[in-house]
Amino acid sequence: MSKIMTVDILSSIKGAQPSEAVNKLFDVIKNAQPTNNNSLNNVNYNCVSVNNLREDVVIESSAKEKQLIIENFPNKKNGYLVVAKVIED
């Protein structure tokens, strides 16, 4: 398997194309350098401060993006798209 995976393979969405934000994220990941900073050893990586959460903002999608989403998630329940459960309890 190739080490390079396209957005449509990673997301399992047919025809998905990376946005500028996704490209920037991939660049950050590719250029990340491991650190040997011992002061980080006591950090709890399983939690996030409420102060570090982003504001929940609705971003309007184009008609083409909406159609692509509907094609990949055709089922609805109570007005919401049905997404397959990916984490078992």
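Buried here means under 20% relative accessible area, exposed means over 50%, and partly exposed is anything in between (1.4 Å probe, protein chains only). The model is a predicted one, so local features need pLDDT of at least 70 and side-chain atom pairs count only at pLDDT 80 or more, while totals for chains, interfaces and linings use all residues. Residues are numbered from 1 along each chain as its sequence is written, and side-chain values use heavy atoms, with hydrogens and water left out.

Helices are DSSP runs of H or I with at least four residues, numbered from the N terminus. Helix 2 covers 20-31, and the count of buried residues among its twelve residues is zero, so there is hardly any cover over it.

Side chains of opposite charge can pair when their charged atoms come close. A salt bridge is taken as a side-chain nitrogen of Lys or Arg within 4 Å of a carboxyl oxygen of Asp or Glu, and searching the whole structure turns up three of them. One links Glu20 to Lys24, at 3.2 Å from N to O. Both residues belong to helix 2 and are four residues apart, about one turn of the helix; Glu20 is exposed, at 59% relative accessible area.

Another salt bridge joins Asp27 and Lys30, with 3.7 Å between the closest N and O atoms. These two are three residues apart in helix 2, so about one helical turn separates them. Asp27 is partly exposed at 38% relative accessibility, whereas Lys30 is exposed at 63%.

Glu60 and Lys66 make a salt bridge too, their closest N and O atoms lying 2.7 Å apart. Glu60 is exposed, with a relative accessible area of 62%.

Away from the charges, Val48, Val50 and Leu53 make a nonpolar surface patch of about 330 Å². Patches take residues with over 30% relative accessible area and no salt bridge, joining like charges within 9 Å and nonpolar side chains (Val, Leu, Ile, Met, Phe, Trp, Tyr) within 5 Å. The areas come from the Shrake-Rupley method with a 1.4 Å probe, and for residues only the protein chains shown count as cover. Val50 sits in the loop between helix 2 and helix 3 (63-72) and is exposed, at 67% relative accessible area.
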